[in-house]
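Student: I have a model open and want to learn how to read it. Can we go through it feature by feature?

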Amino acid sequence: MTGSHDRDGTGGLTFPGKVARILLPLTLLLFAASVAAIGWVPDIGIYRPKVVWGRALFLAASGCLLLTACLRGRLELIRGGAILACSAPMLVALGWVMVRRPESDILALDEILRLGLFPLAIATASLALRGATRRRFFLIALSVVALGVAAVSVAQNLAGVLQLPLERQARALASFGNPVFLGAFLVQVTPLVLAQALYGRAPDRWLGAVAGGLCLPALLATGTRSAWLGMGAGIVIMAVLLVRRATHRRLLIVGLILVAGLLTPFVLPHIERPQQHALIWHDTLDLVDDHPFGVGPGQYLLAFVPYASRELLAIYPRESKIVNDAHSEPLQLLAELGWIGLAAAAIALAVLIRVARRLLAERPGGHEERPLIAACFASLCGVAVQSLASPDLRFVVGVILTGLITGMMLSHATPRVTAGRAGGWIALVAALGCFWLGAATTRSALAVRPLLTAPLLAEAQASNGPPAPAWLRQEASRRKVLDILSARSAEDPADWSLLLSLALVQHADGRLDQAMTSLRRVLDLQPRHPAALAALGTIEVQAQHFQPAFEHLSLARDALPNDTDVRFWLARTALQLGNLSVAWQEVEALLSIDPTHSGGLVLREKLRE
């Protein structure tokens, strides 16, 4: 659609108008590519390429759309009140960090970004998908992505039966790292592909029918109870909104109940599977009692540690399992942002429900736009129901997908135009912000990727300390020096410098127990010697003696606050012991001293994971 700002005095397109005309289809392609990345790119630990590329492509699409608005000299907004309401949790989080200092700045910024992506996705998708042709293109792209994800999920679940060249998964993952996240994806896209199958144009119906026919068994293959509950809620809402006659609606709902009853024997093992959500919720409520205004955005995993009950720790020992979320989005918001944050989220949901009802009321039964609006609303309701007992919305790209689908629903409404120079400048600033944010987050993640191939977390070379001398790396030379130092230290057992040198050579020779004994003798002679404390703590980590290592490295850190190697090993030890608060403090302090520290970068992403 071309406006008056796009044309010159002769009626031809101006240069900004020509650029804007190119950017619009590019925006649609980038939105489709973002959905493809969300569905198809593998979710590998620490690096998280699904998050990296899904977020980067979405921010690029948003930037192109806002740049188009800048070139046209007008900023359009659809249902600005609803977008503002959806921004309320992010604004509460910003207010929290302005009033109080969070324990981890990195986690706070990550959470504020997650909360901000939702209204941004709604605002940009509602404009980019305005018009039946654009919505049809996006829906086709979504169906193709859903088809691929669902096909892989079903194949993973049947691999052991049909001898497929895939590793069988009792709970399908597809390209997602967690069946819960896969379930959330399917809960959101299935109502849309079903609407396409039932109400789309003739060519699109076949695509929707195949995708929908695979999405339902794929959802079953995830073994995710909260996703089944969310899908059930979404399908019932969609049926109520689209089936005109009350008798037919009742028959359909009864049929759905019967189908669920028939499937129960097949999913009974998953239904009976034990889970510890109730214990996590109980302990989280204790945290909420002590912090009615929240512990801060993104700070849950740090604040929850002292509230974990003995019953929960017996099941999830801190040394092997970390409870990093409340397994309930409303409860997580309550814990982090307090009652104000939970109220803000409830208002946002209520406003979206009101907007959906108004859009549906304006399009009575039989209207060609009603099925897609109902499907988007069913998708939103389904993921909201799933999030009551699931951490699905903790996944950044899940939030983006929810925002895109909500934006497609709002795209049926009439936009409000902020014309003139002010609108263009606002759009330009927002576009530059999207491009900068996408580039910054992607660059940060890509900087970590090559580090993952090196043994950063396994060897002492993980820190950025100086390399060992050549003679120390040669076994013959090392053994000769070891014999000399052993003899000299036996002659003069009070010479702590000889013992320190001996310990370093013993460590290089793989004699960890002897090296630790020598270093303890050094500390007997020179209590709180920084180098001895640091060396002993590092060797104890390698020997998996984590508690004494933590104590020695803490003392070394106090004596050598600018030593990045000591902070690296202390952070790693704290993570191993489940002390996330200290781990985050040390990683952030380390990277403030040396932003390029390879071990610190990897640990930061590991803690984010």
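Student: Where does pLDDT stay under 50?
Tutor: pLDDT is the predictor's confidence in each residue, from 0 to 100. Where it is low, the predicted coordinates should not be read in detail. Here, pLDDT stays under 50 over residues 7-13, and the model gives that stretch 11 contacts beyond four places in sequence. A contact means heavy atoms within 4.5 Å. Residues 454-474 also stay under 50, with 40 such contacts.

Student: What does pLDDT average over the protein?
Tutor: The average is 83, and 83% of the residues score at least 70. This is a predicted model: local features need pLDDT of at least 70, side-chain atom pairs count only at pLDDT 80 or more, and totals for chains, interfaces and linings use all residues. Residues are numbered from 1 along each chain as its sequence is written, and side-chain values use heavy atoms, with hydrogens and water left out.

Student: How many helices and strands are there?
Tutor: Helices (H or I, at least four residues) and strands (E, at least two) are DSSP runs, numbered from the N terminus. This protein has 25 helices and two strands.

Student: Is Val399 buried or exposed?
Tutor: Buried means under 20% relative accessible area, exposed over 50%, partly exposed in between (1.4 Å probe, protein chains only). Val399 has 7%, so Val399 is buried. Val399 sits in helix H15 (residues 396-410). Beyond four places in sequence, Val399 touches Arg114, Phe118 and Leu393. Across the protein, buried residues make up 52% of the 609.

Student: Which side chain meets Arg557 in a salt bridge?
Tutor: A salt bridge is a side-chain nitrogen of Lys or Arg within 4 Å of a carboxyl oxygen of Asp or Glu. Arg557 pairs with Glu586 at 2.4 Å, N to O. The pair links distant parts of the chain: Arg557 is in helix H22 (residues 546-559), Glu586 in helix H24 (residues 580-593), 29 residues apart. Glu586 is buried at 3%, and Arg557 counts as buried at 18%.

Student: What is the distance between the closest N and O atoms of Arg567 and Glu586?
Tutor: They are 2.7 Å apart, in a salt bridge. Arg567 lies in helix H23 (residues 564-576) and Glu586 in helix H24, so this pair ties together parts 19 residues apart in sequence. Arg567 is buried too, at 11%. The count comes to 16 salt bridges.
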